[in-house]
Amino acid sequence: MGKQLSLGTKLKYPITISKLLKQPGDEIKRKEPILQYKFTWMQTVGDPFGDHWDEEQTTIADWDSPADGTIKEWKIKEGAVVQRDQEFVAIEETCPHSIQFQGLCGMCGKDMTEMSWASASDDTDRAKINMIHDQTALRVSEDEASRAEEELQRRLLKHRKLSLVVDLDQTIIHACIEPTVGDWQDDPNSPNHEAVKDVAKFQLKDEGVRGLASACWYYIKMRPGLKEFLRKVSELYELHVYTMGTRAYAMNIAKIVDPDRKLFGDRIISRDENGNITTKSLARLFPVDTKMVVIIDDRADVWPKNRPNLIKVVPYDFFLGIGDINSSFLPKREELPKITPSPKKKHTVKTDVEQLESAKKDESSSGDADASKPQGQGKPEEEPATDGARISALEELVRMGGGDDQALRKEQAAEQEKFLEKQLTERPLLHMQEKLDQEEEDDDATITDESRNGDTLHEHSHHKHNLLKDDDVELKYLEKHLTQLHKAFYDEYDRALVNAHGGRVAQLKPGHKKKVSIKDESADLRIVPDIGNVMPQLKSKTLAGCTIVMSGLVPLQADIMRTEIAIQALSFGAEIQTKVNRKVTHLVASTSRTRTHKVRQAAKYEHIKIVNQQWLLNSMSKWEKEDEAPYLVQIHEQDKIREEGFNSSAPSSIHDSDESSEGSADEEESESVPASQEEVAEDLEGVMPEAIEEGHSPVDDLKGFNWGEIDEELESFMDSDESESDNDSGAESVASDVSIRSRTSNKITPQKRKLGDTTDDENSGDESTLAKKQRIANSRSTGLKTVKTPNSMQSESSLPTPGVTGDEEGEEDPVDQIPTGDDDGGDDPFGDDLEADLMAEFAREEEETKGGD
Amino acid sequence: MFFLYNLERQVTLHPSYFGRNMHELVTGKLLKDVEGTCTGRYFIITIMDTFNISEGRILPGSGLAEFTVGYRAVVWRPFKGETVDAIVTSVNQVGFFADAGPLPLFVSAHLIPPDIKFDPNATPPQFTDNEDSVIEVGTHVRVKLIGTRAEVGGMYAIASIKEDYLGCLQGS
């Protein structure tokens with residue numbers, strides 16, 4: 001426990017050491033002088049007559065020890081002149097104060113908060129790490145922490161185990177306080193009785209949550225197969241609980257899940273001890289080394305620093321629409337649209353409910369309160385979390401400054417209370433079941449609806465009224481993964497161990513004896529592989545070789561590489577592309593939007609498998625590439641037909657951009673296919689001035705703008721629009737109309753063409769922010785726009801805003817686009833091809849909207 | 001160490017309580033306010049009796065009556081070096097926590113005899129020498145305080161069992 005003392009920066013250097021008061025081996029006490037030094041300084045002195053002059057003074061001073069201990073070695077000699085701050089003595093401290101409890105040293109019992117003139121730094125700073133599960137007052141120093149961790153690792157290695165940090169809510173259990181569950185439990189006739197009969201419940205008595213939610217029952221549904229899972233996994237892993245619930249809650253859950261306390265023991269950490277409102281961190285439990293730790297959690301975003309160690313679990317959503325009762329203060333969960341939790345069935349209740357709800361809303365768009373509420377329930381996590389996110393985002397900033405633990409916890413409790421009360425009063429489950437029943441009746445009564453609701457109703461009739469399903473199989477996969485991971489880890493460890501033994505023998509020979517004997521123990525630990533490496537390796541085999549493009553899954557304006565789904569897919573070895581091209585192997589399309597532009601593009605390539613998001617989710621959940629066949633998305637007939645017609649025009653545009661572009665031909669070609677189509681897609685309505693499609697800010701062009709021409713254009717455009725809206729059925733004639741118009745617009749706006757020359761043919765990342773914003777705003781969803789405009793679909797094209805874009809436009813990611821050639825904008829043949837594309841695309845779009853309406 | 005200590009306190013009484021049994025009310029309020037609190041140096045365990053309840057004085061502005069009450073209380077002041085009995089509340093690899101009445105204390109592994117080791121595999125986790133000394137949650141231990149610290153409304157202590165006759169209390 002040697003410690004070097006330094007002189008400190010506050011002395012008046014240079015100083016001369018005049019005397020060493022202690023010899024090596026002497027004991028020293030705090031505040032005791034151990035050294036005498038002298039220094040010179042200038043003093044201004046004066047006399048009674050008002051004269052001032054500087055006089056050199058020499059002062060002798062003592063240097064007091066800041067710590068108790070024994071002097072080991074002086075590093076300076078008497079008479080030495082010291083120019084600057086330096087370490088001058090090594091002492092052996094009596095106590096390193098490495099364990100502190102509430103400001104007291106746990107080893108010597110001294111008060112650590114005591115400050116004196118002699119102490120250079122606060123002693124409480126020496127033990128800062130909080131690594132005990134159920135205590136926040138106990139802190140240890142880094143040395144102590146690594147010692148404890150080393151011990152832990154050695155123990156785990158001996159038993160061939162790993163650490164597993166388990167989240168509670170929606171990972172291994174699902175909790176809710178909805179009183180309806182209790183009613184169903186008591187009522188054997190309830191359609192949900194079967195599902196909820198084994199739901200455990202408890203009451204939190206001494207909970208911080210007050211008011212309405214104070215004495216409510218918590219209903220806990222264990223994930224199917226949980227006991228078996230935990231039993232098996234606990235043979236390979238040492239389990240820890242890490243939850244965002246309160247301590248009392250966590251203890252109660254642990255009592256239910258693990259009544260004998262064999263699995264978790266005392267290794268439970270809750271938000272009371274976490275010290276952070278929005279994130280969990282492995283460093284809280286394993287401050288030094290997370291090599292042997294695996295996490296299972298349903299939310300990846302709360303583990304910002306420990307992603308390599310994380311196995312993301314499909315959230316367990318048993319009580320539909322409840323979400324996570326302990327995450328109301330967390331940021332909104334980033335989730336895919338309509339996840340279907342069970343891989344076996346494509347449409348579980350949840351999707352059905354949603355579909356029914358939307359169907360229902362279609363029939364009766366009158367705003368009755370009941371209809372609008374369950375609509376929100378369809379997306380369970382989002383609704384309650386939104387206000388939480390809004391508040392926490394703001395307040396987190398405040399908290400970062402002065403992180404008052406107490407205040408923070410109060411905040412959380414208040415947040416949660418609000419959320420719980422809402423659940424108690426609104427009883428969403430009851431409403432949903434009623435809704436379901438009602439739908440059922442409606443279904444029987446009115447067959448006319450069938451045409452509108454499509455096959456949803458058929459699906460739904462299997463479900464026979466019961467809202468809650470007990471068919472989750474995630475834990476089986478999880479167990480498999482954990483076993484696999486454990487094996488991979490110890491395989492690697494054993495390999496390393498064999499090598500290390502060889503190495504150590506070699507080390508012994510040349511006479512590194514001392515080194516070996518010291519590190520003999522820790523040598524084992526250094527060769528321990530890191531889960532953070534082992535797991536990604538294992539995972540990345542899953543989707544290796546897959547190049548994935550997503551369609552309809554990510555919000556348009558989001559950076560796809562930052563979305564949860566993309567990060568996950570990447571961690572499973574897939575490559576994410578933003579555009580469809582030759583290298584792409586899979587197009588993952590949303591089940592609800594199977595006719596996006598990307599789907600159409602992908603349909604052109606035979607080798608691209610167009611699958612729904614469930615394929616991706618299941619592959620990631622099972623850690624193996626699923627067979628695509630059951631997940632293939634039905635390509636709309638029209639898309640296929642159109643593709644053929646479309647193909648004829650596409651090659652020419654490829655050709656064009658290829659000519660003009662530099663760089664590798666292969667790359668460019670594959671990129672430019674979507675590029676030119678993208679452009680076509682943007683201009684579906686044919687209203688946009690070319691300059692804008694070319695990724696140019698409209699504002700940039702305004703200077704050289706001929707407003708008269710624009711008026712003309714507008715006029716002709718309005719004319720054509722009239723004819724368009726008259727023409728409902730004849731898509732071809734509309735197309736021809738448009739073609740004429742767009743040709744004329746091409747001719748009368750040569751200036752814009754030139755201005756646009758500098759940009760490339762795709763809507764690239766260098767467009768101005770204004771244009772981008774406009775585009776984003778306009779391209780949120782075509783479906784919405786259709787609803788809004790009063791005179792059917794065609795009227796959309798009459799919107800004179802230049803920023804109006806097509807359906808697919810926003811799906812491309814502005815950041816990730818690769819700019820291609822520079823000066824192809826002015827090419828005449830290109831313009832013609834473009835027009836042809838435009839026409840074809842436009843006509844198709846027309847038809848589609850009619851069909852899809 | 002326990003002391004019988006004479007103390008004094010100002011007690012205020014709301015005007016609605018003014019009446020015949022005012023002194024009882026004052027005593028009641030005193031008990032409620034004071035018993036079981038920590039002044040920072042000692043815990044007031046219980047109040048034995050009150051004496052010298054002064055004349056009530058109406059506080060201008062609020063109308064509350066203020067009494068100065070002298071009382072005798074049993075107080076406990078934990079001293080460094082004092083030996084106390086405590087009940088273990090939590091055990092971890094760094095040491096264990098225990099409560100000596102109102103005083104939470106911590107015994108670190110450094111202050112536990114080296115033959116008593118932490119066993120994380122036991123359920124629940126415990127410190128044990130694999131003989132008759134088993135320290136787990138709920139165990140009664142005898143410890144010696146080696147440091148105390150007071151904060152507003154509470155005190156904390158560090159204790160040791162690394163001496164003769166300290167540690168697990170048998171047969172409790």
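Guide: A residue is buried if 20 or more other C-beta atoms, placed from the backbone, lie within 10 Å of its own C-beta. This is a predicted model, where local features need pLDDT of at least 70, side-chain atom pairs count only at pLDDT 80 or more, and totals for chains, interfaces and linings use all residues. Residues are numbered from 1 along each chain as its sequence is written, and chains are lettered from A and ligands numbered from 1 in the order in which they are written.

Visitor: What percentage of the residues in chain B is buried?

Guide: Of the 172 residues in chain B, 32% are buried.

Visitor: What makes α1 of chain B a helix, and how many residues has it?

Guide: A helix is a DSSP run of H or I with at least four residues, while a strand is a run of E with at least two. Chain B has 1 helix and 13 strands.

Visitor: Why are β18 and β19 of chain A called paired?

Guide: Two strands pair if DSSP finds at least two bridges between them. Strands β18(A) and β19(A) are joined by 3 bridges, so they count as paired. They run parallel, and A:Ile296 stands opposite A:Ile311 in β19(A).

How values were computed. A residue is buried if 20 or more other C-beta atoms lie within 10 Å of its own, exposed if 12 or fewer, and partly exposed in between; C-beta atoms are placed from the backbone.
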